[in-house]
Amino acid sequence: MAQIAARTGHQNVAMLGIGAYRPRRLVSNDEVCEVLDSTDEWIFERSGIRNRRWISGDESARSMAAAAAERAIANSGIPKEKIGALILATNSWKTKIPHGGPIVAYDIGLNGIPAYDVAAGCGGFGYGLGVAADTVRAGSAEYVLLVGVETMSVVMDPTDRNTAFIFGDGAGAVVVGPSEANGISPTVWGSDGENAAAIGQNWDIPEYMDRAQAYQHKDPDAYPVGRMVVTMEGPRVFRWAAITLPKALTTVLETSGVSSDDIEVFVPHQANARINELMKKNLGFADDLPMANDIENTGNTSAASIPLAMEEMLATGKAKGGQTALLLGFGAGLSYAGAVVTLPPAPEITSFDDLG
């Protein structure tokens, strides 16, 4: 029997650097309500959002992902040529074929490395972080670049009261690699396909198509007209979150081997400030425990929200590199992913450098 080679990596891994990009255009609730039948007060009371950032001019998912990735590498101090893989967490990349990972790798001068996309809704960054950490532990790559990027503004209906005021655009990235002490716990993740329809899209790729008929354009439904937009049943998602997430957070703490008293920073997905406050209360965290609230001026950026929220806290001094943080992402799928991590060093190059 042939002896097949195996790789071994590093058991202790951590986030070594973080980078982000925030679009220049700031969009207030009042501006959203020029189209949406709502008010600034109603939006803030139900979501905690006052503003969000949307792409404009030459900004795109591609340009934001590259900018965040370059900053994460620079802030980590790791030579770019040592990055051995790239994971792109996204739900709004403009094409499924080709996927975005190889394009981002090419744009930042890393053409040729393994690069692929993870689509796990707003939990995508959490899924990607687990895969990145395990990739380093397995020895498949010494350093992995994880990028979360979304342009949610282009995949929503501006008149839909369930979604139009929630979403924003942006990108966040981290470099994951070996460290002296372990800084990323095992990922606790899961999904609930029974409730998958609670967050969806307005049209799908057809499951079946008569190729000849479609080719001759005889079937008007063969190719949907218009653009895909996100749909969401907010109350259904809220109920699911209220039941599922407390259990998930308890399991994250148990799996990580730390207690709630060890947590110094709480960074939940920036979906809804009310949900986040409820989770913090249920966990028994002190009122003065720092908790991410990037949603207030960035909105829900889906797979980009956790790295953006971490970067905001580190850049503004609300959190410090080396602190122990609890992360939890959740959303479409319905799915979730959480971990306890050591925060990376505060970024020297920040997303706020572009904003003046």
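Predicted model: local features only at pLDDT ≥ 70, side-chain atom pairs only at ≥ 80, totals over all residues.
Let's start at glycine 84, which is partly exposed, with a relative accessible area of 23%.

Where does glycine 84 sit? You will find glycine 84 in strand β4, which runs over residues 83-89. Leaving aside residues up to four places away in sequence, glycine 84 touches Ile113, Pro114, Ala141 and Tyr143. For a sense of scale, pick out glycine 234 as well: glycine 84 and glycine 234 are separated by 150 residues in sequence and by 39 Å in space, going from C-alpha to C-alpha.

Now step back to the domains. The domain assignment of the protein gives domain 1, made of 13-193 + 233-343, and domain 2, made of 203-228. Between the C-alpha centres of domain 1 and domain 2 there are 34 Å.

Several elements give two or more residues to the lining of the largest pocket: α2 (40-47), β9 (199-201), β10 (230-232), α7, α8 and β12. Which element gives the most? That is α7, with four residues in the lining of the largest pocket. From each of domain 1 and domain 2, the lining of the largest pocket draws at least three residues. Sorted by class, the lining of the largest pocket has 24 nonpolar, 15 polar and seven charged residues.

From the pocket we can move on to the cavities. The structure holds two of them at 30 Å³ or more. In the largest cavity there is about 60 Å³ of space. Its lining is made up of Phe238, Ala241, Ala242, Leu245, Pro246, Ile275, Leu278, Met279 and Asn282. Helices α7 (234-256) and α8 (273-282) each supply at least two residues of the lining of the largest cavity, and α7 provides the largest share, five residues. By class, the lining of the largest cavity divides into eight nonpolar residues, one polar and no charged.

The second largest cavity has a volume of about 50 Å³. Around the second largest cavity you will see Phe125, Gly126, Leu129, Gly130, Thr187, Ile306, Leu327, Leu328, Ala337, Gly338 and Ala339. Two or more residues of the lining of the second largest cavity come from each of α5 (124-138), β12 (324-331) and β13 (335-342). The largest share here, four residues, is that of α5. The lining of the second largest cavity has seven nonpolar and four polar residues, and no charged ones.

How many salt bridges does a search of the whole structure find? The search finds 13. One of them pairs aspartate 294 with arginine 22, and the closest N and O atoms are 3.2 Å apart. This pair links distant parts of the chain, 272 residues apart: aspartate 294 is in the loop between α8 and α9 (295-298), while arginine 22 is in the loop between β1 (13-21) and β2 (25-28). Are these two residues buried or exposed? Both aspartate 294 and arginine 22 are buried. There is also a network of salt bridges here, in which Arg22, Asp294 and Glu311 are linked.

Another salt bridge joins arginine 62 and aspartate 107, with 2.6 Å between the closest N and O atoms. This pair, too, links distant parts of the chain, with arginine 62 in helix α3 (residues 61-76) and aspartate 107 in helix α4 (residues 101-107), 45 residues apart. Arginine 62 counts as partly exposed because its relative accessibility is 38%, and aspartate 107 counts as partly exposed at 29%.

Finally, look at glutamate 45, which forms a salt bridge with arginine 46, the closest N and O atoms being 3.8 Å apart. Glutamate 45 has 56% relative accessibility, so glutamate 45 counts as exposed. Arginine 46, at 31% relative accessibility, counts as partly exposed.

How values were computed. Residues numbered from 1 in each chain as written. Heavy atoms only, no water. Buried < 20%, exposed > 50% of the residue type's maximum accessible area, 1.4 Å probe, protein only. Contact = heavy atoms within 4.5 Å. 1 Å grid on protein atoms, 1.4 Å probe; cavity = no way out; pocket = protein on both sides within 12 Å on 5 of 7 lines; lining within 4 Å. Points joined across faces, edges and corners; volume = space filled by probe spheres on them. Nonpolar A, V, L, I, M, F, W, Y, C, P; charged D, E, K, R; others polar. Domains from an automatic or database assignment. Salt bridge = Lys/Arg side-chain N within 4 Å of Asp/Glu carboxyl O.
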